[in-house]
Amino acid sequence: MAYQPGTEAPKTGIYWCSVCKLPAQFKEGEKLPTCTNLCGRGKWEFVKEQK
């Protein structure tokens, strides 16, 4: 599932941009930013959970 920038991360872990595959780590409840590569259509896809 892909999450729009501006929504809260549902889990703590690694996500990547659906356009450029840039990985980033976010904590549960943290607002997902726009991709730092400025991928306008990019959404965040959850890859791996971390505790």
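Mentor: Strands are DSSP runs (E, at least two residues), numbered from the N terminus, and two strands pair if DSSP finds at least two bridges between them. This is a predicted model, where local features need pLDDT of at least 70, side-chain atom pairs count only at pLDDT 80 or more, and totals for chains, interfaces and linings use all residues. Residues are numbered from 1 along each chain as its sequence is written, and side-chain values use heavy atoms, without hydrogens and water.

Trainee: What do strand 2 and strand 3 form?

Mentor: They form a hairpin with five residues between them, and Lys21 in the turn has a positive phi of about 65°. Four bridges pair strand 2 (residues 13–17) with strand 3 (residues 23–26) in the antiparallel sense.

Trainee: Which residues stand opposite Gly13?

Mentor: In strand 3 it is Phe26, and in strand 4 it is the bridge partner Glu49. Strand 2 and strand 4 run antiparallel, joined by five bridges.

Trainee: What is the order of the strands in the sheet?

Mentor: The open sheet has four strands in the order 1-4-2-3, with antiparallel pairing. Strand 1 (2–3) and strand 3 each have a single partner strand, so one side of each lacks a neighbour in the sheet.

Trainee: How many salt bridges does a search of the whole structure find?

Mentor: Side chains of opposite charge can pair when their charged atoms come close. A salt bridge is a side-chain nitrogen of Lys or Arg within 4 Å of a carboxyl oxygen of Asp or Glu. The search finds one: Glu45 with Lys21, at 3.8 Å, N to O. Glu45 lies in strand 4 (residues 44–49) and Lys21 in the loop between strand 2 and strand 3, 24 residues apart.
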